[in-house]
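Keep the viewer open as you read.

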Amino acid sequence: MFGNGKEHSQRRHGAWEALDAHGQTGSIDELKQNAFLFHYGIERRLFFICHRSSPLGHQVKGRVAMTAPKVLWASRFRSDPSPELMNLSRSETSHFRLAPYDLVASSAHARELVRSGLIERAEGDRIQAALASIGTDIQAGAIHPSSTDEDVHTFLERILMERLGPLGGKLRAGRSRNDQAANDLKLYLRDRSRRMALDLLGLQEALAHQAERHIFTLAPGFTHLQPAQPVSFAHQLLAHAQGFARDIERLRDWDRRSARSPLGAAALAGSALARQPELSARELGYDGPCENSIDAVGSRDHVAEFLFVTAMLGVNLSRLAEEIFLWSSRQFRWIELDDAYATGSSIMPQKKNADIAELTRGRSARLIGSLTTMLTALKGLPFAYNRDLAEDKRAAFEAVDTLAAVLPAMAGMVRTMRVNVEELKRQATEGFTLATEVADWLARRGVPFSEAHEITGGLVRYCEDRGIGLEDLSDEEFATVDPRLDASIKSCLTPEAAVTARNAYGGTAPERVNEQLARLRSLFHDQRKWAIHYDGPRT
């Protein structure tokens, strides 16, 4: 699965070069295939089979292999750890989803041990074969963690030693659970950030599809949830798309800073045995190793930053959800949700609820909570590895799992919603949304805007007193409020004229919305390329 024991790969200017220990070029495709041959679903299988774990042992191809409880740190102690300690210390079942990334990193580490001379090439080959078989058996559900496995590292070392005996124990040389844990999660997040981006691009495409259909659909724009000015409905939809585009750019920027490998930092001081971490880093898709070994194992700002990105994404999702919730209400009547993306009431048969929007709005709180958890866990730690840092996985997994559920549901709801074009147009001028057109018309004729504002306010009061709209005023009534308001002003008092007039860059005029949409689609293409083309391990 992981290639020859002495092979490693290096990236130069985006290209892979496969070399063996003697500098001979190997098959690039074979190396990449072997190094990252994990299929989608392996971590999900691990998550569920952990719940079936037995204290008696683990399943191996139809039989139960008896194992004694063992932890990686027990040799210094005279008695076994207490059940209470192990109950607190054992990783949550969700942590075992990191097994694919740990196996890939173990393969890279095994090649480093061959390079350093700690294990023979033949031994390295046996370790590589065993790691490959473990990955295959996990995928097939033939093995799973037992209740005595403290964490994913204990689980995988146990299986490796059962298959290889003492040779399996050699793989621990030159590394620590400290750098393993940091590395596994970083690999996981770099992989999942790209899958998250693809899910978010699905929502982006749904917004762009609806916007393309409604560039000329007039709608009331709001400030303070009060009617303000007419806008293109596409412009309103693309306002959300712009925020989501920045979320993906934040992921890309985060990934650039996170492309440094902790592997080789060992416990905190670096390794005296695995002395070429730059090669392992390249094999795992990093730009290079971390500059400082203490920072490598003691920092989690990359996790906190990832959680900020997801929290910000959650807030942006919640704001879209709130608008969809309002738009689909009986009071607004702007859109109708497809039956497949709405729910009903168990007692009121007439109800059609925007539950996806409400659940999304609620789950954004989880994303904010995960960020708060990580920042709080970090703030008082001395700078090296501390077990408090184990909170990084729970917070990160919560964020990843939440968005994996929310984003496809939101994309489907937006893609299938039906827009009530006539109702939007009818409401586009309600609430005196054309008042600014009067003030602008006066300003273009040399009236100071402060004075134009006063005149327009008086005109609105005049209409309110008579229960009419600006568009209902006669020529004489305009002149009654102010003699400078002549009949030519009426050409400005339509929602079409108001929208068309906003034709500066970024404005709501249809021609500008079309240009905005084209630029966004180009950005989507670039973002999709980033999400798809990745040299690191993927599951």
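This is a predicted model: local features need pLDDT of at least 70, side-chain atom pairs count only at pLDDT 80 or more; totals for chains, interfaces and linings use all residues.

Residues are numbered from 1 along each chain as its sequence is written, and side-chain values use heavy atoms, with hydrogens and water left out.

**The whole chain**

The protein chain has 20 helices and ten strands; these are DSSP runs numbered from the N terminus, with helices being H or I of at least four residues and strands E of at least two. Of its 539 residues, 51% count as buried, where buried means under 20% relative accessible area, exposed over 50%, and partly exposed in between (1.4 Å probe, protein chains only). Among contacts with a separation of 6 or more, 78% join residues 24 or more positions apart; contact means heavy atoms within 4.5 Å.

**The core**

The largest nonpolar core has 80 residues, and those touching the most other members are Leu 189, Leu 203, Phe 233, Ile 324 and Ile 335. Such a core is a set of buried Ala, Val, Leu, Ile, Met, Phe, Trp, Tyr and Cys residues joined through side-chain atoms within 4.5 Å. Helices that each supply at least two residues of this core include helix 8, helix 9 (233-257) and helix 12 (301-327). Leaving aside neighbours within four places in sequence, Leu 203 is in contact with Phe 244, Leu 317, Leu 320, Leu 407, Met 410, Ala 411 and Val 414.

Asp 191 is found in helix 8 and is buried, with a relative accessible area of 1%. Beyond neighbours within four places in sequence, Asp 191 is in contact with Tyr 101, Tyr 534, Pro 537, Arg 538 and Thr 539.

**Two pockets**

A pocket here is found on a 1 Å grid over the protein atoms alone: an open set of points where a 1.4 Å probe fits, with protein on both sides within 12 Å along at least five of seven lines, and lining residues have an atom within 4 Å of a point. Grid points are joined across faces, edges and corners, and a volume is the space filled by probe spheres set on the points.

| Largest pocket | About 870 Å³ | 40 residues |

Closest to the centre of the largest pocket are Ser 89, Arg 90, Ser 91, Glu 150 and Arg 387. Helix 3 gives the most to this lining, with six residues.

**A hairpin and a loop**

Strand 5 (residues 218-223) and strand 6 (residues 226-232) pair in the antiparallel sense over six bridges; two strands pair if DSSP finds at least two bridges between them. The bridge partner of Leu 218 in strand 6 is Ser 232. Two residues lie between the strands of this hairpin, where His 224 takes a positive phi near 55°.

Leu 268 sits in the loop between strand 7 (260-261) and helix 10 (277-283). Leu 268 is partly exposed, with a relative accessible area of 37%.
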